[in-house]
Amino acid sequence: MDSEYGLNLTSAVLNTLVKYPTDSMHVNSDAENVCIHKLGYYYADQDFFMTIAKHTGTYFNDMHHRHPLTFILEAADDIAYATADLEDSYKKGLFTIDEFKKFFTKELENITDHSQRQYAKELIHQLDNFRNSATAGASSELQAFQRWINYVRHWLVYCAAYGFTHNYQKIMEGNFLEKL
C-alpha cells in the first residue's frame, strides 16, 4: 500500500490482473505460449512481481505462469467487449439483423468442427426465435437483438466455464498455454 488511501490489493488479485506474466524485455508475440505475447509488467518491477508470484505459487520450473483466475478474467473481458461492441454496432445502425444473419451464416462455412457448427446454427435459430416473439413496434428488432446478445453472453460464459474445468489440471500445472 502506497498510502492510507491505497487499494492494498492482495497478491492473488494483483497476479490475476497481470494477464501476461512477462516483463518488458521478453515479449514475443510469435511464441506458442500466449503468456509472453504481450507486456505484463515492466522489467524495473521484476523484483516486486517475483514477490507476488512466489506468494501465489505461480513461479515454478524457472518461469512465471498465469494465475488460474487470469483465464477467467480474460474470458470475461473477451465476452464483455465482443458482445458490447456487437450490440453498439447494431444500435448505431451499422447493420440490420438480416445482414448480420447473412454474414453469420456465411461464416458457418469456415467452421470445420461439427459440434461447433451446430452450436453456431443454434445461435442463429435462437435469434430468429427472439425476433419472432418480439412485441410489435419500432423497437422490436432492437429488443430481439438485445435478448439474443444476452443469450450469447450466457452461452459464452458456459463455454468459458467448461473450458476452465475441462483444462483445470493443465491450468494448475502451468501447462495450458492458450486462451479458454
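This is a predicted model: local features need pLDDT of at least 70, side-chain atom pairs count only at pLDDT 80 or more; totals for chains, interfaces and linings use all residues.
I started with the second largest pocket, which comes out at about 240 Å³.

Helix 2 (46-56) and strand 2 (63-64) each put at least two residues into the lining. Sorted by class, I have 7 nonpolar, 5 polar and 2 charged residues there.

Next I went to the largest pocket, with about 830 Å³ of space. Its lining runs to 33 residues, and nearest the centre I find Trp-155, Leu-156, Cys-159, Ala-160 and Leu-180.

Which helix gives the most to the lining of the largest pocket? I looked, and helix 6 does, with 11 residues. At least two residues each come from helix 3 (68-91), helix 4 (97-108), helix 5 (114-133) and helix 6 (140-166).

Then the packing. The largest nonpolar core holds 16 residues, and the ones touching the most other members are Phe-100, Phe-104, Leu-127, Phe-145 and Trp-148. Helix 4, helix 5 and helix 6 each supply at least two residues of this core.

Last, I picked Phe-100 and asked what it touches. Leaving out residues up to four places away in sequence, I list Leu-86, Phe-95, Leu-127, Phe-145 and Trp-148.

Conventions:
Residues are numbered from 1 along each chain as its sequence is written. Side-chain values use heavy atoms; hydrogens and water are left out. On a 1 Å grid over the protein atoms alone, a cavity is a set of points where a 1.4 Å probe fits but cannot get out, and a pocket is an open set with protein on both sides within 12 Å along at least five of seven lines; lining residues have an atom within 4 Å of a point. Grid points are joined across faces, edges and corners, and a volume is the space filled by probe spheres set on the points. Helices (H or I, at least four residues) and strands (E, at least two) are DSSP runs, numbered from the N terminus. Ala, Val, Leu, Ile, Met, Phe, Trp, Tyr, Cys and Pro count as nonpolar, Asp, Glu, Lys and Arg as charged, and the others, Gly among them, as polar. A nonpolar core is a set of buried Ala, Val, Leu, Ile, Met, Phe, Trp, Tyr and Cys residues joined through side-chain atoms within 4.5 Å. Buried means under 20% relative accessible area, exposed over 50%, partly exposed in between (1.4 Å probe, protein chains only). Contact means heavy atoms within 4.5 Å.
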